[in-house]
Amino acid sequence: MLARPDPAGRAEPAVREVVEWLRRRKVAAVVEERTAALIGAAAADGVAVAPGREMAARADALVVLGGDGTLLSASHLLDKPVPVLGVNFGTLGFLTEITMPELFPALEGVLRGEYRFEERSMLRARVVRRDEPEVVGDVLNDMVITKAALSRIIELEVSVGGLFVSSFRADGLIVSSPTGSTAYNLAAGGPILHPALAAIVLTPICPHMLSNRPLVIGDESLVEVRLRAAREGEVHITFDGQRGFPLDRADVVAVTRSPRTLRLVKAPDRDYYEVLRTKLKWGESTARR
């Protein structure tokens, strides 16, 4: 189990409630270290406590309490496709779509092996560096190359499957999975993709040319991005907004579909389009009062 504090203080009682619910059913709970600190629990209290990766390795199912950012953090810990229940304390999230009242019925279904889920694809980004080991990271949402706060427009050369696509003069580039299409990609004017599609989205951020539009390609493709014009320290790469570092001009970023997936448990009576309607407020009246 993994949780992060929320401003309303709902995380602590929710974690305690889940641990007690599992204990009554004689199901062992393994709690991530920071989550255990949140409730003041320790191994001596009869609660198994482990670092994040060890907790994920021991889990047969993972309960994530918090927002979409918390679930993104959890996705980086898992190396196997176990059921993941993303629980949102407030309104629905694009990833954490299970509400607190829905948690225990959904968890009961997971324990019985009767639950709906979506196998979400992930992307693998490799940063190939001159005279240094390459850096590899898997992302559920996106890999983003962007300029530093005060730098000028950067120029990126993009190829797909070894074929040159274009050079983008822009503030950066988003390489997104279908799951991530409703994240930064959407805010940058990219399209919404159904999460079951086998696709990758390339979305330039504030391109200098208005003719530079988002591009959707098959996820069997190899995407390569090279810096054509940038000063040292001007360009950064981030993985799901969780970690990142500066890029050097000689670096090459290669993105492919990852062999890893995330098995996201669905709310019993809610579909993807309902989540879109709720989050994006589709159909609501825009008339002024």
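Is the crossing of H1 and H5 left-handed or right-handed?

## Two packed helices

The crossing is right-handed. Keep in mind that this is a predicted model. Helix H1 covers residues 11–24 and helix H5 covers residues 100–112; the two pack at an angle of about 30 degrees, and their axes lie 12 Å apart. Angles under 35 degrees count as roughly parallel, so that is how H1 runs relative to H5.

Who touches whom? On the H1 side, the residues are Ala14, Glu17, Val18, Trp21 and Leu22. They meet Met100, Leu103, Phe104, Leu107, Glu108 and Leu111 in H5. Sorted by class, this contact of H1 with H5 has nine nonpolar residues, two charged ones and no polar ones.

## An open sheet

Now for the strands. Six of them form an open sheet with antiparallel pairing, and going across you pass E14, E13, E12, E9, E16 and E17 in that order. E14 and E17 (243–246) sit at the edges with a single partner strand each, so one side of each has no neighbour in the sheet. From one strand to the next, the twist averages 15 degrees.

Strand E16 (residues 235–239) pairs with E17 in the antiparallel sense, over four bridges. Thr238 stands opposite Gly244 in E17.

## How confident is the prediction?

The protein chain has a mean pLDDT of 90, and 94% of its residues reach 70 or more. Among the chain's elements, strand E14 (residues 215–218) has the highest mean pLDDT, at 98, while helix H2 (residues 33–39) has the lowest, at 88.

Technical notes: Residues numbered from 1 in each chain as written. Predicted model: local features only at pLDDT ≥ 70, side-chain atom pairs only at ≥ 80, totals over all residues. Heavy atoms only, no water. Axes fitted to C-alpha atoms, helices over the stretch in contact; angles between N-to-C directions. Parallel < 35°, antiparallel > 145°, perpendicular 65-115°, else oblique. Left-handed = near helix turned anticlockwise from the far one by under 90°. Contact = heavy atoms within 4.5 Å. Nonpolar A, V, L, I, M, F, W, Y, C, P; charged D, E, K, R; others polar. pLDDT = per-residue confidence, 0-100. Pairing = 2+ DSSP bridges.
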